[in-house]
Amino acid sequence: MTDAFVINYINKKLEESTDENFIRYTFYELRVKNNLSEKDLERFFKINKDYFENKEYKVYFTGAKFQYKNANMTVQPNELMIAIKEKE
């Protein structure tokens with residue numbers, strides 16, 4: 001897996017998202033569909049976390065609790081990462 005793959009994936013995810021303020025990565029899409037290893041995921045999430053935090057998103061991983069649209073939520077076991085940008 002290359003850094004270019006990760007950046008292209010982020011751009012694709014943002015383009016396809018119905019809500020650009022809520023980005024979700026699932027176990028299925030990353031581990032099954034894209035066949036990323038644990039080592040690949042570490043690099044993938046480091047780049048994603050840096051990217052989204054630089055764009056003023058808050059980043060959460062499996063099991064983390066967060067608020068979105070006045071609702072208390074938890075990143076579910078089938079979700080590996082969620083990035084949220086609160087509207088101002």
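1. Contact here means heavy atoms within 4.5 Å. Helices (H or I, at least four residues) and strands (E, at least two) are DSSP runs, numbered from the N terminus. The model is predicted: local features need pLDDT of at least 70, side-chain atom pairs count only at pLDDT 80 or more, and totals for chains, interfaces and linings use all residues. Residues are numbered from 1 along each chain as its sequence is written, and side-chain values use heavy atoms, with hydrogens and water left out.

2. On helix packing: from α1, Asp-3, Phe-5, Val-6, Ile-7, Tyr-9, Ile-10, Asn-11 and Leu-14 meet Arg-43, Phe-44, Ile-47, Asn-48, Tyr-51 and Phe-52 of α3. By class, this contact has 10 nonpolar, two polar and two charged residues (Ala, Val, Leu, Ile, Met, Phe, Trp, Tyr, Cys and Pro count as nonpolar, Asp, Glu, Lys and Arg as charged, and the others, Gly among them, as polar).

3. Helix α1 (residues 3-16) packs against α3 at an angle of about 55°, the axes being 10 Å apart. Axes are lines fitted to C-alpha atoms, for helices over the stretch in contact, and angles run from 0 to 180 degrees between N-to-C directions. The two helices α1 and α3 are therefore oblique to each other (under 35 degrees is roughly parallel, over 145 roughly antiparallel, 65 to 115 roughly perpendicular, the rest oblique).

4. On the sheet: three strands form an open, antiparallel sheet in the order β1-β5-β2, where strands pair if DSSP finds at least two bridges between them. The edge strands, each pairing on one side only, are β1 (22-26) and β2 (58-61). Neighbouring strands are turned by 15° against each other on average, direction ignored.

5. Strand β2 pairs with β5 (residues 79-84) over four bridges in the antiparallel sense; Lys-58 stands opposite Ile-84 in β5. Helix α3 (residues 38-54) lies across β1, β2 and β5, running at about 10° to β5.
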